[in-house]
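Trainee: I would like to learn how to read a structure like this one, feature by feature, with the general idea given before each case.

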Amino acid sequence: MSNAFNLGKLFGIQFRLHYTWFIIFILVTVSLVAPDWSSPLYWVMGIVTSLLFFASILAHELAHSLVGRANNIPIKSITLFIFGGVAQMTREARSAGAELKMAAAGPVCSLVIAGLFYVVWSFTQDLVTPVADMFFWLFIINVALAVFNLIPGFPLDGGRVFRSILWKVTGNYKRSTRIATRVGQGTGYLFILGGILIIFLQPFGLSWFNGLWLAFIGWFLGNAASASYRQVQWRGALRGFTASQAMTSDCPVVPLSITVSQLVQGYILSSGRDCFLVADEDEVRGVLTLHNIKSVSQSSWGVTQVKEIMTPIDRLKTAYPGQDALSILEQMDESSINQMAVVSEGRIIGLITHDNLIRLLRTRSELGIR
Ligand SMILES: [Zn+2]
């Protein structure tokens, strides 16, 4: 997700904040200060409540991540945005049980937090009103967070729980995902329809703003369901392909000391090759793909040697010829790399780039292979 900035790392997970979160922060603070704009107490309470709300969402996401990690689903980053948080997983769960535990962890955490705020509220309600109000609000909002996320539409937590149960019962991952996605899209449409009805009829004292908000959430849900499903399909399409089928083989060997412009003129433009082994005499010292070349500006191609921009052999991740293409994509995403060498009997037999995998997927989809 773009338009987000890094907050830092917690438990090795990168946390990012989407700019929409500031809208929520301001809305929450303002609505809490609204009863008395002139009171410093209300301002402090408003800001503290917003921060505790933020911490509640963080805890919810962290619960997913830690349970995920314990079940061998590594989490790379979490982006907090207007509806909560989205965890970026580099791979999908391998089993229905792991998915169920990971998906349920978030709402369970929110309910536990809600329970704690309820207890604090019940002790403070007769003593200090604005403080007690704050805890009550935090109790309600955490229940709402759990309930909203338990809507059984993929990719919400409830949708993942639903899919894992279908997956367990039917044993069919693809079909379970498809059904959970339909429910997610259907829920989205219902929200939009409900929103439109509220805008025009304004029942139960609800305003057009409530309707707009509901329709907006519905639109978001429908989109998220479709996008997640596409991603699952893409990843599924890579299953069954091996590294040797996806790699570029016969990469020419080029000397260490030639410049980038010599490489471009002498090899790339004339032969259309896009992968190279950079060698000193007979010993391969690194590899080079178009991706490396794009990292230097064209004006310095004449003075830059290929050894300066190659990926050195000791930093190169390797795959074996029979390795599943999906696991290679996951490995690339996990370590944020664009290329891997395919090695057989200690020799590099080909290079596999992120582009190779994308091209493979595109070819499949153009031919209509599912
Ligand atoms: Zn969640």
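Mentor: Let us begin with pairing: two strands pair if DSSP finds at least two bridges between them, and strands (E, at least two residues) and helices (H or I, at least four) are DSSP runs numbered from the N terminus. This is a predicted model, in which local features need pLDDT of at least 70 and side-chain atom pairs count only at pLDDT 80 or more, while totals for chains, interfaces and linings use all residues. Residues are numbered from 1 along each chain as its sequence is written, and side-chain values use heavy atoms, with hydrogens and water left out.

Trainee: How many bridges join S5 to strand S12?

Mentor: There are 2 bridges between S5 and strand S12 (residues 347–353), and the two strands run antiparallel; within this pair, Ser 249 stands opposite Gly 350 in S12.

Trainee: In what order do the strands of that open sheet lie?

Mentor: The order is S5-S12-S11-S10, a mixed sheet of 4 strands. Strand S5 (248–249) and strand S10 (318–319) stand at the edges with a single partner strand each, so one side of each has no neighbour in the sheet. Helix H12 (residues 325–335) packs on this sheet and touches S10, strand S11 (339–344) and S12, where contact means heavy atoms within 4.5 Å. The direction of H12 makes about 135 degrees with that of S11, the axes being lines fitted to C-alpha atoms (for helices over the stretch in contact) and the angles running from 0 to 180 degrees between N-to-C directions.

Trainee: Which residue stands opposite Gly 350 from the S11 side, and what lies between S11 and S12?

Mentor: Val 342 stands opposite Gly 350, and S11 and S12, which are joined by 6 antiparallel bridges, form a hairpin with 2 residues between them, where Glu 345 in the turn has a positive phi of about 50 degrees.

Trainee: Is S12 mostly covered or uncovered?

Mentor: To judge this we call a residue buried at under 20% relative accessible area, exposed at over 50% and partly exposed in between, using a 1.4 Å probe and protein chains only. By that rule 5 of the 7 residues of S12 are buried, and the strand is mostly covered. In H12 the buried residues include Leu 326, Ile 328 and Leu 329.

Trainee: Which residues have the most contacts inside the largest nonpolar core?

Mentor: In soluble globular proteins, nonpolar side chains tend to be buried together. A nonpolar core is a set of buried Ala, Val, Leu, Ile, Met, Phe, Trp, Tyr and Cys residues joined through side-chain atoms within 4.5 Å. Here the largest has 34 residues, and Trp 21, Phe 53 and Leu 80 have the most contacts inside it. Helix H3 (96–124) is one of the elements that supply at least two residues of this core, and H3 gives the most, with 8 residues. A second, separate core of 18 residues includes Phe 241 and Met 340.

Trainee: Which residues coordinate the zinc ion?

Mentor: Donors are N, O and S atoms within 2.8 Å of the metal (3.2 Å for Na, K and Ca), and since water is not among the atoms, sites may look incomplete. The zinc ion is coordinated by His 60 (NE2), His 64 (NE2) and two OD atoms of Asp 157, at 1.9 to 2.7 Å. His 60 and His 64 are both buried, and they are separated by about one helical turn because they lie 4 residues apart in helix H2 (residues 40–70).
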